[in-house]
Amino acid sequence: MNGRQPKRWQATAVQNAGAPTGIRSGWIVLCLLLTGIAIVRSAATDISGDFPAPSLDRWVYPFFGDTDGTRPVASTFGSFDPRFDTRDGQFLLGWNLTGALTNQGPRNYLFRSLRVILTVAMDKTFEYDPTPDRYETYLATNDPAFLLDQDVGRPAELFGAGYRGGYTAESFLEASPFGVIGPITGTNIAIGSRNVYAAMFDTNGALIDVSNNVGQPGYAPFETAPWAIGTTTNLAPGEAVPAGTVFSFDVDLLNPLILGYIRDAFHRGPLRLVTSSLHSTMQIGFGGGGSYPQWQTKEKILGIPPRLQWNAIVIRPDVDTDSDGLPDDWESYYFGNLDKGSQDDPDGDGASNAFELASGTDPANRASQFWIRAYRELSDRRTQIEFPIEANYRYKVESSNDLQIWAAVPGSITYRPGGIAVWEESQAAPTISERFFRVVIE
Ligand SMILES: [Ca+2]
Ligand SMILES: [Ca+2]
Ligand SMILES: [Ca+2]
Ligand SMILES: [Ca+2]
């Protein structure tokens, strides 16, 4: 924070009624609006889910007629032929989760873990690498940006699923068309054509195709952040992977955008994820050789299909037997008992339990709270504000000249690693002596 503040930044802090009065940033208004919550009674709270087979799984390789989801093996690999998506062989996984969690709305699903388990079909076709490899390590060795891969092997990665061609998680099934493939004599046969693809969230919070993140003619390269990397306890890094090896992909639920995707899937029904990797293969016509993973699908006879395991709690907002305003499930999940009250602050972060409940933060973690952690005035007099976000919460920024009348300020949000949102005002500020800002949960 800059020592010299413009006069219009007046020191003030406001919290919701009843919350302790700790000044957070000391310079900016913090506020919270509560939203209505659907109240439906249910029974179960602590749930361990185990789906030993997927609802659908499908090798996503748009060049063979037999890729309608009936193949017993799905390989993941990269092609470095500029006519194809670089993540050329992908593996779509789907579970239908309708009824898996009692419907209380996505914000009331608190996940401890979510894991995809895949089993290797073929013996020692690739080497184990449990850590990310930067995209530069996949470039041609004569590329100026090329970096040497520092560890043997390539990671197997899990991402979300993105769609084009009008398809959605609900409508893209095992026999849906892959997308328009050009003539084999073309120079750009398949780039960007597949109707389902491995996807991650970009800085705008949009799901983007990562199929060509290493770069292509006309496509700038970018780094990916996989939602999970496959790991196994049976091998040391660099070892050749035997058939039957079990890989676990533990989804990064600390990322609010990924957690939001998972919660939405449980809320709506279809969960779709895509396994991908950039193991090298030499493309020979439509076939290829190389060293890459081959995963068992649910169609493999006597095989082990892709499995989904998760552990979650559903908060029942209306069950509050000690009548302190904190749902029993919420108290039990974070504290293991019902001893704490709504105005207590057991993690000492200055936010009461009531405030943490309303803002979706962790009341047992001092580092987790809803606050304005930084702000600055840009050179063109637009304001920029940083605050942490929670999954499935939406935010807007309001300003006021007098702390009485508040109005929404046009702006845009970008997302940084670590669950941080950066809001930036669209237009330069009017020339008034002071303005106050607050971030509001919608
Ligand atoms: Ca490596
Ligand atoms: Ca209670
Ligand atoms: Ca607290
Ligand atoms: Ca906290």
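Biologist: Which strand pairs with β12 in the antiparallel sense over 6 bridges?
Modeller: Strands here are DSSP runs of E with at least two residues, helices are runs of H or I with at least four, and both are numbered from the N terminus. Two strands pair if DSSP finds at least two bridges between them. The antiparallel partner with 6 bridges is β5 (residues 87-96).

Biologist: Before we go on, what kind of model is this, and how are its residues numbered?
Modeller: Residues are numbered from 1 along each chain as its sequence is written, while chains are lettered from A and ligands numbered from 1 in the order in which they are written. Local features need pLDDT of at least 70, side-chain atom pairs count only at pLDDT 80 or more, and totals for chains, interfaces and linings use all residues, because the model is predicted.

Biologist: How many bridges join β7 to β12?
Modeller: These two strands run antiparallel. In this pairing, Gly160 stands opposite Leu273 in β12. The number of bridges joining β7 to β12 is 5.

Biologist: How many of the residues of β12 are buried?
Modeller: A residue is buried if 20 or more other C-beta atoms lie within 10 Å of its own, exposed if 12 or fewer, and partly exposed in between, with C-beta atoms placed from the backbone. Both faces of β12 are covered, with Pro270, Arg272, Val274 and Ser276 on one side and Leu271, Leu273, Thr275 and Ser277 on the other. The buried count for β12 (residues 270-277) is 8 of 8.

Biologist: Why does Phe172 count as buried?
Modeller: Phe172 lies in the loop between β7 (156-163) and β8 (196-201). Not counting residues up to four places away in sequence, Phe172 touches Tyr163, Tyr167, Asn195 and Val196, where touching means that C-beta atoms, placed from the backbone, lie within 7 Å. Phe172 counts as buried because its C-beta neighbours inside 10 Å number 24.

Biologist: Which residue follows α2 with a positive phi?
Modeller: Helix α2 (residues 328-335) holds the buried residues Asp329, Trp330, Glu331, Tyr333 and Tyr334. Their cover includes β6 (109-119), β16 (307-314) and α3 (353-359). After α2, with phi near 80°, comes Gly336.

Biologist: Which are the edge strands of the open sheet of 4 strands?
Modeller: This sheet has antiparallel pairing and the order β17-β18-β22-β21. Each edge strand pairs on one side only, and the two are β17 (374-377) and β21 (411-416).

Biologist: What is the mean pLDDT of the chain?
Modeller: pLDDT is the predictor's confidence in each residue, from 0 to 100. It stays under 50 over residues 1-44, and also over residues 283-288. Where pLDDT is low, the predicted coordinates should not be read in detail. In the chain, 87% of residues reach 70 or more, and the mean pLDDT is 86.

Definitions and conventions:
Contact = placed C-beta atoms within 7 Å.
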